[in-house]
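Hi,

Here is the structure I said I would pass on.

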Amino acid sequence: METVIVGCKTLENELLRAVEETGCSYEILWIESGLHNYPKKLNQVLQETLDGCGARQVLAAMGFCGNSIENISTGDYTLIFPRVDDCISLLLGSCKRRMEISREHGTYFLTEGWLKGERNIWKEYEYTMEKYGEETGKEIFGMMLGNYRSLALLDTGCYSMEKAGAEAENIAKTLELEYKVLPATLDYMKKLLAGPWTEEEFLIIPPHSMVQGRDLVLEV
C-alpha cells in the first residue's frame with residue numbers, strides 16, 4: 001500500500017465524511033478513543049499499529065494528544081500529523097481558534113464521538129458518584145471543572161444534533177455549566193487527506209526518524 005490513514009475512533013463520523021467528500025480510498029486503521037486517558041498505552045498501540053501498516057505514507061487523523069506521540073519512530077514510511085494538540089482543535093480548524101474560545105469563556109468541548117467514548121466525562125461522573133457518593137463526588141468534579149464555565153457541543157455536520165444535543169445539554173445542566181453549540185469544520189481533515197501539507201499546519205516525520213519533544217511545540 002502506498003498510503004494508509006491511522007484514525008482516532010473519536011473522529012469516526014468526521015473522518016468518514018471527509019473521506020467521502022475528498023474521494024479518498026485509503027485504508028483506515030482505527031485507534032480506540034479510550035486510549036487518550038492513558039498516554040503511554042496510546043503511544044504503544046500507535047507504534048504497534050504503525051509498525052504493522054505496510055505503507056509508504058501514513059496520515060494520522062488525530063492530534064498530539066498530550067504529547068503521547070513523542071518518541072514514535074517511523075520505518076520505511078513518512079508520517080504526517082496535523083499540528084494540533086488534540087482532535088477538538090482539529091475540528092475547530094486550529095489551536096488558535098480553540099484558544100480564542102477557551103480564553104473568552106473556559107469551555108469543555110464535546111462531539112458525538114466523545115459522548116460515545118469509553119471514558120468520557122459523563123461516564124467519569126457516574127463512576128465518581130458511585131464510588132464516592134453524591135456529596136464527595138460533586139466536590140471532586142467541582143475541583144476538576146473549576147476552570148470551566150461552559151460545555152460546548154461541536155456541530156460538525158456529521159451526526160444528529162438533536163440526539164447528541166439533548167445528551168450534552170443534560171450533562172451541562174448536571175455539571176452546572178452553560179450549554180453551547182459551536183460550529184466546527186472538516187477543512188483541516190480534508191487537507192490531511194488530500195494535501196498540500198505545509199510545515200505550518202502539519203508535522204512531517206520522514207522515514208527512519210523519531211518524533212522529538214521539540215517537534216510538538218505548538219504556536220498559537
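Helix H8 (residues 161–174) lies across S5, S6 and S7, and runs at about 170 degrees to S6. Bear in mind as you read that this is a predicted model.

The sheet under discussion is an open one, with its three strands in the order S5-S6-S7 and parallel pairing. Strand S5 (107–110) and strand S7 (178–183) are at the edges with a single partner strand each, so one side of each has no neighbour in the sheet. From one strand to the next, the twist averages 30 degrees. If you want to check the pairing yourself, S5 and strand S6 (residues 150–155) are joined in the parallel sense over four bridges. Within that pairing, Phe 109 has Ala 152 in S6 as its bridge partner.

The axes of helix H6 (residues 121–132) and H8 come within 11 Å and cross at roughly 45 degrees. The crossing of H6 past H8 is left-handed. On the H6 side the contact involves Ile 121, Trp 122 and Tyr 125, which meet Asn 170, Ile 171 and Thr 174 of H8. Sorted by class, the residues of this contact are four nonpolar, two polar and no charged.

H6 also packs with another helix. Its axis and that of helix H7 (residues 134–144) come within 7 Å and cross at roughly 140 degrees, which makes H6 oblique to H7 too. Here the crossing is right-handed. From H6, the contact takes in Ile 121, Glu 124, Tyr 125, Thr 128, Met 129 and Tyr 132, while H7 supplies Glu 134, Thr 136, Gly 137, Lys 138, Ile 140 and Phe 141. The contact of H6 with H7 counts six nonpolar, three polar and three charged residues. Ile 121 and Tyr 125 turn up in the H8 contact and in the H7 contact.

One last thing, on charges. The structure holds six salt bridges. One of them links Arg 98 with Asp 86, with the closest N and O atoms 2.5 Å apart. Arg 98 sits in helix H4 (residues 95–104) and Asp 86 in the loop between strand S4 (78–82) and helix H3 (87–92), so the pair ties together parts that are 12 residues apart in sequence.

Cheers

Methods:
Residues numbered from 1 in each chain as written. Predicted model: local features only at pLDDT ≥ 70, side-chain atom pairs only at ≥ 80, totals over all residues. Heavy atoms only, no water. Pairing = 2+ DSSP bridges. Helix = DSSP H or I, 4+ residues; strand = E, 2+ residues; numbered from the N terminus. Axes fitted to C-alpha atoms, helices over the stretch in contact; angles between N-to-C directions. Contact = heavy atoms within 4.5 Å. Left-handed = near helix turned anticlockwise from the far one by under 90°. Nonpolar A, V, L, I, M, F, W, Y, C, P; charged D, E, K, R; others polar. Salt bridge = Lys/Arg side-chain N within 4 Å of Asp/Glu carboxyl O. Parallel < 35°, antiparallel > 145°, perpendicular 65-115°, else oblique.
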